[in-house]
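Visitor: I am new to this structure. Could you walk me through how to read it?

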Amino acid sequence: MKLNPFKKKNKAMPVQEKGSLNLVADNQTPRYKYDKNWENRVFLDTVKASNIKSILTNVRGAPIALSNGFGYMQILGVQGKDVFTSSPAEQVELINGYKQWLDAIDFDFMEITTRLPTDTRTQIFELKHKLEIVIQQLLLPNLDERVRVQMEMRRDGLINSIKVLEIVEREHFNTEFFIAFFGRTLEELNYKTRVSLTVSTTFKPQMISVEKKEQLITTLYDPNRNGEF
């Protein structure tokens, strides 16, 4: 079982300096080059400074192994709902569902509320793919002028949409809700996970992705991030 999927295989590789930008020194005008590994290194530093050892990506549910001897941790997501804008019948249903869940939980858990950046990477990737196709089409010889104008308008629209999504990801934060619990063994953790996911018909936590766990752990443990909890 590979307990630390984030550990570098080649230990002899030199460690890069921290920072998202590296100064490129040559005979040309000094410029900065984006360090693609910076965000991952921030997460690794966060894990090293906390009790979190690794995320077991090869285990069902991707539980989090702890380095303090306690065992394992699982984090589930909870879909937020505005109770006050719901009808009286919906309010009763939601409250009863949460009460049903609480009555069935026979172990300790933590409730986490945090503000995480909006993830627009998938949309940006799709738009960049479409933009690349449009740019290639604009390079075709003997392109009809009317078609060229239409494609140039589409190109400009795609570029603008990408910029908007980049701004949203950088500046817009979503309030999200999670619950976390611990188990001394994977069997104990699996039992708690199964109970949490199935005991209520209306209050139903959900499994979250490994990427979301990385983002959440980094936000909770790194005071230099913009997330709040």
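Visitor: Where is Ala62 found?

Guide: This is a predicted model, so read every value as computed. Ala62 sits in the loop between β3 (52–55) and β4 (64–66).

Visitor: Is Ala62 buried or exposed?

Guide: Buried means under 20% relative accessible area. Ala62 has 9%, so Ala62 is buried. Its backbone also deserves a look. Phi of Ala62 is near 45 degrees, a positive value in a residue other than glycine.

Visitor: Which other residue has a positive phi although it is not a glycine?

Guide: Asn142 is one, with a phi of about 60 degrees. Asn142 lies in the loop between α3 and α4 (145–171). Exposed means over 50% relative accessible area. Asn142 has 81%, so Asn142 is exposed.

Visitor: Let us step back. How many helices and strands does the chain have?

Guide: Six helices and eight strands. From the N terminus on, the order is β-β-α-β-β-β-α-β-α-α-β-α-β-α.

Visitor: What share of the chain counts as buried?

Guide: Of the 229 residues, 32% count as buried. The accessible surface comes to about 15,700 Å². Carbon and sulfur atoms make up 53% of that surface.

Visitor: What share of the contacts joins residues 24 or more positions apart?

Guide: Take the contacts with a separation of 6 or more. Residues 24 or more positions apart account for 67% of these. Here is one pair to find on the model. Ile208 and Gly61 are 147 residues apart in sequence, and their C-alpha atoms are 8.4 Å apart in space.

Visitor: Where does Ile208 lie, and what does Ile208 touch?

Guide: Ile208 lies in the loop between β8 (206–207) and α6 (210–221). At 17% relative accessibility, Ile208 counts as buried. Leaving out residues up to four places away in sequence, Ile208 touches Ile75, Leu76, Gly77, Phe178 and Lys213.

Visitor: Now the nonpolar cores. Which residues of the largest core touch the most other members?

Guide: Look for buried nonpolar residues joined through their side chains. The largest such core here has 15 residues. Leu56, Tyr72, Ile179 and Phe181 touch the most other members. The elements β5 (72–78), β7 (173–183) and α5 each supply at least two residues of this core. Apart from it lies another core, of 14 residues, among them Ile55, Ala62, Ile75 and Ile208.

Visitor: What does Phe181 touch?

Guide: Again, residues up to four places away in sequence are not counted. The partners of Phe181 include Tyr72, Leu76, Phe107, Phe109, Leu189 and Thr193. Thr193 is found in helix α5 (residues 186–198). With a relative accessible area of 9%, Thr193 is buried.

Visitor: How do I read a helix? Which residues of α2 are buried?

Guide: Check the length, then the sides. Helix α2 (residues 88–104) has 17 residues and should span 24 Å at 1.5 Å a residue. Its end C-alpha atoms are 24 Å apart, which agrees. In α2, Leu94, Gly97 and Trp101 are buried. They cover an arc of only 60 degrees around the axis, so they are on the same side of α2. The face turned away from that side carries the exposed residues Pro88, Ala89, Ile95 and Asp103.

Visitor: Let me try α3. Why do its buried residues line one face of the helix?

Guide: Start with the names: Ile124, Leu127, Leu131, Val134 and Leu138 are buried in α3. Seen down the axis, the buried residues fall within an arc of 85 degrees, so they line one face. On the other side of α3, Arg121, Thr122 and Phe125 are exposed.

Visitor: Last, the aromatic rings. How many aromatic pairs are found?

Guide: Five in the whole structure. One of them is Trp101 with Phe109, an edge-to-face pair. The ring centres are 5.1 Å apart, with 75 degrees between the planes. Trp101 is buried, at 1% relative accessible area. Phe109 is partly exposed, at 27%. Tyr98, Trp101, Phe109 and Phe203 form one aromatic cluster.

Notes:
Residues are numbered from 1 along each chain as its sequence is written. This is a predicted model: local features need pLDDT of at least 70, side-chain atom pairs count only at pLDDT 80 or more; totals for chains, interfaces and linings use all residues. Side-chain values use heavy atoms; hydrogens and water are left out. Helices (H or I, at least four residues) and strands (E, at least two) are DSSP runs, numbered from the N terminus. Buried means under 20% relative accessible area, exposed over 50%, partly exposed in between (1.4 Å probe, protein chains only). The arc is that of the directions from the helix axis to the C-beta atoms. Contact means heavy atoms within 4.5 Å. Accessible areas come from the Shrake-Rupley method with a 1.4 Å probe; for residues, only the protein chains shown count as cover. A nonpolar core is a set of buried Ala, Val, Leu, Ile, Met, Phe, Trp, Tyr and Cys residues joined through side-chain atoms within 4.5 Å. Rings of Phe, Tyr and Trp (its six-membered ring) pair if their centres lie within 6.5 Å; planes under 30 degrees apart count as stacked, over 60 as edge-to-face and the rest as tilted. The expected span of a helix is 1.5 Å times one less than its number of residues.
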